[in-house]
Amino acid sequence: MLVAGCGGINTEAAGSTSGGSGDVFRFAYSVGPSRYDPHRASSSFDNVSLFPVYDRLVHLTPEAEPVPGLATGWEYVDGGRGLVFRLRPGVTFHDGTPFDAAAAKANLDRAIGLEGSTVAAELASVERVEVRGPMTIELVLSAPDSSLVRVLSDRAGMMISPAAFDDPQLDQHPVGAGPFSVVRYSPNDRVVLRAHPGYWDPAAVRVDSLVIVFQSDPTTRMNALRAGEIDAALIGGNQVVEARQYELGVVGDTTLAFYHMQLNRTRSEFGDPRVRRALNLAIDQDALIEGVLFGNGETAVQPFPPGYLAHDPELPDPYPYDPRRARQLLAEAGLPNGFEFEAIVPNTDPGLAIAIQEQFADVGVRMRIREAAPAETADLFYGREEGDALVAPWGGRADPLQTLGLLYGSTGFSNPGGHTLPEVTELIRQARTTIDRAARAELLHRVNGIVVEQALDVPLTFAETTFGHARRVTDLRSWLSNKPEFRGVGVSGTGR
């Protein structure tokens, strides 16, 4: 056991657990999992902790394209009303239970029917799951669903050992078929994992042990990284220069995550599109990127970054920074003296919120900041529907329809108040039932156009997701999904 206390993070890990080199990779992240049961976990950020334990039917490449995982291939049949998966033979769960078609069906049935399932809505088009052979299943659908393949690369596609379904300690002792199994889990502190012998993709496992430390404070994470207590950490854009000054490696890029001020459009003055447009016009995104993120970000107009399949490169920016026009729109909306509203903000990252608070003040809009712990903000804004707005990052989702449905659909959990537009609902439906990639992309672009034209959101920036790491760390990469996976990550020697 290694114990180090300098900088506020005590790191500990077992030595060699699988007869290998004894290499340990220690990673510090901002949050731990809400639950270790993937069918009841509630945050997209949970995946960082869930991925090592629970393998999925479908994997994503670093560029967020679906590739085989526990399923070696798939195809739509019956005009898109069936989705057949061919499963990988020879896989076992951490408790020795074999993975086969019966286990896959049991997992999908559980994901759909479990009381409190957070992924059931993503599988709403699945009428039933049928076993077509020892290693083949078919999802029989009520209508074609183009989102399902990517959905099954996320929590809905994570496989739990059926023998552990009824274990009341599943959240403490998860049993999956992933590259690592849990040795010890301390909520809000860390999880210690060891390599799973015989994992089907040996190139994915290059260390004997993995430790994920949960630390919300970015300064504490950086101090621990500088002191050598951890090997890699999520860092902020304003810490990149510091990391390089200390000769640490830096990996980062724009991802599907974006910072925005999300509005409850049924509260305050946000039902009026003129007010929403005024808020967009009042924000100087370039100043936010340079002043708060130290240049590590890109301006955001639509909810998907350039180069992604759902991004529309032809969509113009109708809201260039224009405080004069913002004041005019507020006056047209009957608010010549502005108005006041409350925004919930994570207390560990208030910089962007403070900056836009000052920019709003220039057009007479008074934003009251209500700080809350990061783990509480989603429950406050989405669950209890408190606050008029939320200034926070959207973590991104495996399929663009998940993002569009959650943020702008009438039943989206992440759309408090349920405000939407009939054309948004219809286009999302059409995109879901369109299997052809090009035709689907065109429908997604049309949704983006309405979201932007009606100012259903207030994008702030696509901030780069950045990791600092010791020089001995190898093959740590940026993932467009914004959910880092540790497949193939290694450590060389014992030096920094």
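A residue is called buried when its relative accessible area is under 20%, exposed when that area is over 50%, and partly exposed in between, as judged with a 1.4 Å probe and the protein chains only. Leu 456, to be visited below, is buried by this rule, with a relative accessible area of 1%. The structure is a predicted model, in which local features need pLDDT of at least 70 and side-chain atom pairs count only at pLDDT 80 or more, while totals for chains, interfaces and linings use all residues. Residues are numbered from 1 along each chain as its sequence is written, and side-chain values use heavy atoms, with hydrogens and water left out.

**The whole chain**

Begin with the complete chain in a cartoon view, where 13 helices and 21 strands can be found; helices (H or I, at least four residues) and strands (E, at least two) are DSSP runs, numbered from the N terminus. The radius of gyration is 23 Å, close to the 23 Å that the globule rule gives for 496 residues, so the chain is as compact as a globular protein of that length. That radius is taken over C-alpha atoms, and the globule rule is 2.2 Å times the number of residues to the power 0.38. Along the principal axes, the C-alpha atoms fill a box of roughly 70 × 60 × 40 Å.

If you colour the chain by burial, 58% of the 496 residues are buried. Contact here means heavy atoms within 4.5 Å, and among contacts between residues at least 6 apart in sequence, 71% join residues at least 24 apart.

**Helix H11 and Thr 403**

Select residues 400-408 next, which form helix H11 and include Thr 403. Is this helix enclosed or open? Nine of the nine residues of H11 are buried, so the helix is largely enclosed by the rest of the structure. Its buried residues, among them Pro 400, Leu 404 and Tyr 408, pack against helix H3 (148-151), strand S13 (258-263), strand S17 (389-394), helix H12 (422-432) and helix H13 (437-453).

At the N-terminal end, show the side chain of Asp 399, which caps H11 with a side-chain oxygen that lies 2.9 Å from the backbone nitrogen of Leu 401.

Now centre the view on Thr 403, which counts as buried at 2% relative accessibility. Its side chain makes a polar contact of 3.1 Å with the side chain of Trp 394. A polar contact is a pair of N or O atoms within 3.5 Å; within protein, one must be able to donate a hydrogen and the other to accept it, and residues adjacent in sequence count only if both atoms are side-chain atoms. Not counting residues up to four places away in sequence, Thr 403 touches Phe 304, Trp 394, Gly 396 and Arg 397.

Move along to Leu 456, in the loop between H13 and strand S18 (458-463). With residues up to four places away in sequence left out, Leu 456 touches Arg 265, Arg 276, Tyr 408, His 419, Leu 421, Val 424 and Val 451.

**The loop between S8 and S9**

Asn 188 is placed in the loop between S8 and S9, and at 75% relative accessibility Asn 188 counts as exposed. Its phi is near 65 degrees, a positive value in a residue other than glycine.

Asp 189 lies in the loop between strand S8 (180-186) and strand S9 (190-195), and is partly exposed, with a relative accessible area of 29%. A polar contact of 2.8 Å joins its side chain to that of Arg 190. Which residues does Asp 189 contact, leaving aside its neighbours within four places in sequence? They are Ile 212, Val 213 and Phe 214, and the C-alpha atoms of Asp 189 and Phe 214 are 5.2 Å apart in space, although 25 residues separate the two in sequence.

**Ser 161, the last stop**

Finally, select Ser 161 in the loop between H3 and S8. Ser 161 counts as buried, at 0% relative accessibility, and its side chain makes a polar contact of 2.7 Å with the side chain of Asp 95. Apart from neighbours within four places in sequence, Ser 161 is in contact with Phe 93, Asp 95, Thr 97 and Val 175.
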